[in-house]
Amino acid sequence: MNTLSLAKYFLAVLCALAMASAAQAKWYEASSDHFVIYADDSEKDIRRFAENLERFHSGMAFITQRDIEKPSPSNRVTIFVVGNQREIRKLVGGESRNVAGFYIPRAGASKAFVQDIRFKNGYPHFSTIVLLHEYAHHFLMSSTPFAMPRWVNEGAAEFFAAASFERDGSVWIGRPALHRAGDFAFADKVSIYELFDHKLYEKNKGQGHDAFYAQSWLTYHYLTFSPERRGQLNKYMVSVANSTSSTEAAKDAFGDLGQLEKELKSYLRSRRMPGFKLTPEMVPISPVTLRELPEGEAKMMEVRIRSQRGVTREQAEELLPEAREIAAKYPNDPGVLAALAEAEHDAGNDVEAIRAADAAIALDPTNVNALVQKGYSLFRMAGDAKESESEASYARAIDAFTALNQIENDHPLPLIYYYRSFAQQGKEPPENARHALERASELAPFDQTLAFNAAVMFANEGKIALANYKLAPIAANPHGGRRASMAEFMMSQMKDAEEGKPFRLSNLSMAVANVRDELEGDKETRGED
């Protein structure tokens with residue numbers, strides 16, 4: 001055998017081994033206090049990834065001196081590890097070529113999608129840095145009710161996302177954001193004045209990529225560690241919380257903004273920057289539980305990932321044959337049947353979705369996704385029922401969510417749909433239904449669609465201060481968008497509203513209806529940060 005033939009032989013053997021390895025890949029579910037992770041990777045790597053995420057949460061709690069109530073099981077962030085950027089782009093859709101990972105915040109259904117869970121010398125893959133950035137938003141929104149200026153939102157998220165993890169369980173937080181180095185070198189500059197005045201920033205913003213994220217990180221990092229400016233960031237935040245404009249609060253807290261900008265430029269040239277090293281004792285975590293998925297559930301994972309990312313009706317119809325084929329081979333796997341129920345619901349097949357969900361529930365009465373999909377389909381059917389059958393149809397839908405509530409008392413969806421069962425029939429929701437929506441918003445403060453609906457409810461009740469309290473963080477959303485614009489508009493319209501007097505804004509009715517649609521799981525409208 002000559003050299004070329006030998007090389008071809010070994011290449012063929014390696015390819016065969018790689019294909020065999022891929023075919024034999026095992027899917028695992030890692031479950032912890034704040035995360036659920038699905039990955040076809042080694043047990044060791046999955047466990048370490050889960051433990052590091054918990055250490056990251058614990059580290060944020062330690063540094064901010066804030067903590068949040070342990071979420072109910074379904075209010076944890078579910079993370080799907082999908083493999084590479086091509087798969088991420090396929091999930092995102094559209095023209096998104098540079099997306100490394102993404103996160104979708106939803107009450108009872110927050111999802112994140114990443115490429116790689118391994119750490120190189122303690123540093124995570126860039127898609128995991130994206131996850132840490134978005135989880136920082138998630139944590140900060142869950143631990144403080146006050147709206148933060150957009151630069152603080154992004155600066156804090158970048159500050160915490162620049163983390164690394166030691167083998168002994170230590171965590172570094174606040175290291176230089178090396179992933180933003182290119183922004184400082186090549187992106188359009190953002191002045192300190194534009195940073196503190198977001199309207200000025202939007203006015204001057206060009207079409208290309210700019211250094212807003214990088215400049216926000218630099219400013220937050222410097223104000224956090226500079227001995228000469230100790231306490232100034234907190235003073236600024238208190239002023240903003242007390243309704244002082246961002247620019248005026250900055251001048252009061254930081255003094256000459258031109259001088260601050262000079263200091264920031266000098267700080268960026270520093271050869272070394274400080275960071276927080278948190279020892280294992282500072283970032284305690286609870287145990288991580290690993291479960292190998294049974295064969296059928298593992299084969300259904302690709303369908304499940306695509307469904308839970310969110311699909312249009314057309315995409316759901318294309319996905320459905322695969323879901324049905326797998327379910328036909330594994331008719332006694334409740335996880336498979338629950339995923340089939342979701343695929344059927346997404347495709348608009350409510351009767352079939354309920355049938356699959358009931359089959360899953362018969363095998364496993366605690367299967368949360370099956371109960372959710374059954375509730376979704378029954379609720380949609382109730383919306384299409386004849387007027388004479390409407391009340392009974394909504395009652396049947398609520399029964400499914402009631403069963404879910406009995407399994408998981410703090411699941412937000414039963415509370416949301418109990419309120420909606422009245423609102424969609426054109427009935428005034430009773431006091432206990434209003435309390436249910438308010439409680440759901442407390443359980444999932446990161447869901448700004450839900451917060452917007454709670455704000456509208458409060459405004460209708462004449463609770464103007466409470467409505468503004470809910471709207472302010474939405475208006476300050478660092479990613480802006482439709483909800484932020486709607487929140488700003490509603491707040492401006494309520495400027496002279498009288499506390500205790502019901503406030504209704506008729507020209508918001510269509511916008512509110514659109515926002516409510518997102519709560520039902522109308523997945524083609526799901527967005528990501």
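**Legends to close-up views of the predicted model**

View 1. Apart from neighbours within four places in sequence, Lys-427 is in contact with Glu-391 and Phe-422, where contact means heavy atoms within 4.5 Å. The model is predicted, so local features need pLDDT of at least 70 and side-chain atom pairs count only at pLDDT 80 or more, whereas totals for chains, interfaces and linings use all residues. Residues are numbered from 1 along each chain as its sequence is written, and side-chain values use heavy atoms, with hydrogens and water left out.

**View 2. The contact of helix 4 with helix 5.** The axes of helix 4 (residues 126–143) and helix 5 (residues 150–161) come within 8 Å and cross at roughly 125°. That angle makes helix 4 oblique to helix 5 (under 35 degrees counts as roughly parallel, over 145 as roughly antiparallel, 65 to 115 as roughly perpendicular, and the rest as oblique). Axes are lines fitted to C-alpha atoms, for helices over the stretch in contact, and angles run from 0 to 180 degrees between N-to-C directions. Ile-129, Leu-132, His-133, Ala-136, His-137 and Leu-140 in helix 4 meet Asn-153, Glu-154, Ala-156, Ala-157, Glu-158, Phe-160 and Ala-161 in helix 5.

**View 3. Glu-158 in helix 5.** Glu-158 belongs to helix 5 and counts as buried, at 2% relative accessibility. Its side chain is joined to that of His-179 by a polar contact of 3.0 Å; a polar contact is a pair of N or O atoms within 3.5 Å, and within protein one must be able to donate a hydrogen and the other to accept it, while residues adjacent in sequence count only if both atoms are side-chain atoms. Leaving aside neighbours within four places in sequence, the contacts of Glu-158 are His-133, His-179, Arg-180, Tyr-213 and Trp-217.

**View 4. Helix 14 beside helix 15.** Helix 14 (residues 301–309) and helix 15 (residues 313–329) have axes that come within 10 Å and cross at roughly 140°. The two helices are therefore oblique to each other. Glu-302, Val-303, Arg-306 and Ser-307 of helix 14 make the contact with Leu-319, Glu-322, Ala-323 and Ile-326 of helix 15.

Key:
Helices (H or I, at least four residues) and strands (E, at least two) are DSSP runs, numbered from the N terminus. Buried means under 20% relative accessible area, exposed over 50%, partly exposed in between (1.4 Å probe, protein chains only).
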